[in-house]
Amino acid sequence: MQKVGMTTTIPVEVVYAAGAVPVDLNNVFITHANPQGLVEEAEIAGYPRNLCAWIKGLYTITLQSDDIKTIIAVTQGDCSNTHALMETLEMAGVRVIPFAFPFDRDYDLLRLQMEKLMTALGTTWEEVYRAKARLDRVRRKVHELDRLTWQEDRVRGWDNHLFQVSCSDFEGNPEQFEKKVDDFLAQLPGRESLKTPLRLAYIGVPPIMDDLYDYLEERGARVVFNETQRQFTMPFPMEDLVEQYRKYSYPYGIFYRLEDIEQELKKRQVDGIIHYAQSFCYRQIEDLIVRKKLKYPILTLEGDKPNKLDARTKMRLDAFLDILR
């Protein structure tokens, strides 16, 4: 089966409908044995040091993957640096299919983008809706896992993050991933409640450091809301696929995202917010809007290269948790 790389979440139903295997390049990069080495390889090739590490990781991981010759790159609704990533990959012989989420969430424009993607991959609406039914079954189980995180305190913040972020591509095999979710859910009834003194929200792109959730839980705080990761699960069930990706908030403006965030903060009884911003990302500017609109204590964290939490970040987290207490 042909593997198709993705720079972020796209209508993955189209890829499965075409008989291909979607690969979220972000997940492959961050779980690589040496993600920092991938970043350095891109810098050796000529990528600037003052550029988002995710983009550099995507570049190297694509070139190192013998079986990924096609990628779908999101040109609107994600990272503006994706344009240059596309060009450097095209120069290396990779086939690049552009996909754009319309800024104003226009229904007709989004449908047109989906149809162009279907034409590029060679599939039909009938096949796409068949794939949607297959994926929605798995999504419903991950929605239940999310509910068990905040409503019954059964799921750790890291597990919530991991299962939800994996819904971007379902790890290339929806049935196998579904079994993994089933096995995890089956363990939960016998598990003790994870009640922690502090309940946190994590908003922004998924973190580039992998020990944040563990560090918080060691100090009596647990993430009960992962904003972007939850969006990857398509948390608003819709019969209409176009409408489903209009409701999906990540690629659209900050004010639309905040509508969903505010509802979830209240519902999940959150004490404070961690707003993660990737170094050299335009989304850092949105932090000033987040702070004005959300009436909660907020700690803004910035991450650069794939690594563990540094001493300064740990001190800031400790101080934030002390304030919340």
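Reader: Why is C52 called buried?
Author: C52 has a relative accessible area of 7%, and buried means under 20%. So C52 counts as buried. Bear in mind that this is a predicted model.

Reader: What makes C167 buried or exposed?
Author: The relative accessible area of C167 is 2%. The cut-off for buried is under 20%, so C167 is buried.

Reader: How do you know that C52 is in no disulfide?
Author: A disulfide needs two cysteine sulfur atoms within 2.5 Å. By this rule the count comes to 0 disulfides. For C52, the nearest cysteine sulfur belongs to C79, and that one is 5.6 Å away.

Reader: On to N27, then. Where is N27, and why does N27 count as buried?
Author: You'll find N27 in helix α2, residues 25–30. Its relative accessibility is 18%, and the limit is under 20%, so N27 counts as buried.

Reader: What makes the N27 and S168 pair a polar contact?
Author: The two side chains come to 3.5 Å, and the rule asks for N or O atoms within 3.5 Å. That pair therefore qualifies as a polar contact.

Reader: Which residues does N27 touch, leaving out those up to four places away in sequence?
Author: N27 touches V165, S166, S168 and D169. Touching here takes heavy atoms within 4.5 Å.

Reader: Now the strands. How do you know that β1 and β2 pair?
Author: Pairing takes at least two bridges. Strand β1 (residues 3–6) and strand β2 (residues 21–24) have 4 bridges, in the parallel sense, so they pair. One of the partners to look at: M6 is bridged to D24 in β2.

Reader: What about β1 and β3, how many bridges are there?
Author: There are 4 bridges between β1 and strand β3 (residues 68–76), again parallel. In β3, K3 has I68 as its bridge partner.

Reader: What makes the β-α-β unit, and which hand does the unit have?
Author: The unit consists of β1, helix α1 (residues 12–17) and β2, and it is right-handed.

Reader: How many bridges join β5 to β7?
Author: 5 bridges join β5 (residues 198–204) to β7 (residues 272–278). In β7, A201 is partnered with I273.

Technical notes: Residues are numbered from 1 along each chain as its sequence is written. This is a predicted model: local features need pLDDT of at least 70, side-chain atom pairs count only at pLDDT 80 or more; totals for chains, interfaces and linings use all residues. Side-chain values use heavy atoms; hydrogens and water are left out. Helices (H or I, at least four residues) and strands (E, at least two) are DSSP runs, numbered from the N terminus. Buried means under 20% relative accessible area, exposed over 50%, partly exposed in between (1.4 Å probe, protein chains only). A polar contact is a pair of N or O atoms within 3.5 Å; within protein, one must be able to donate a hydrogen and the other to accept it, and residues adjacent in sequence count only if both atoms are side-chain atoms. A crossover is right-handed if, with the strands pointing away from the viewer, the path from the first strand over the helix to the second runs clockwise.
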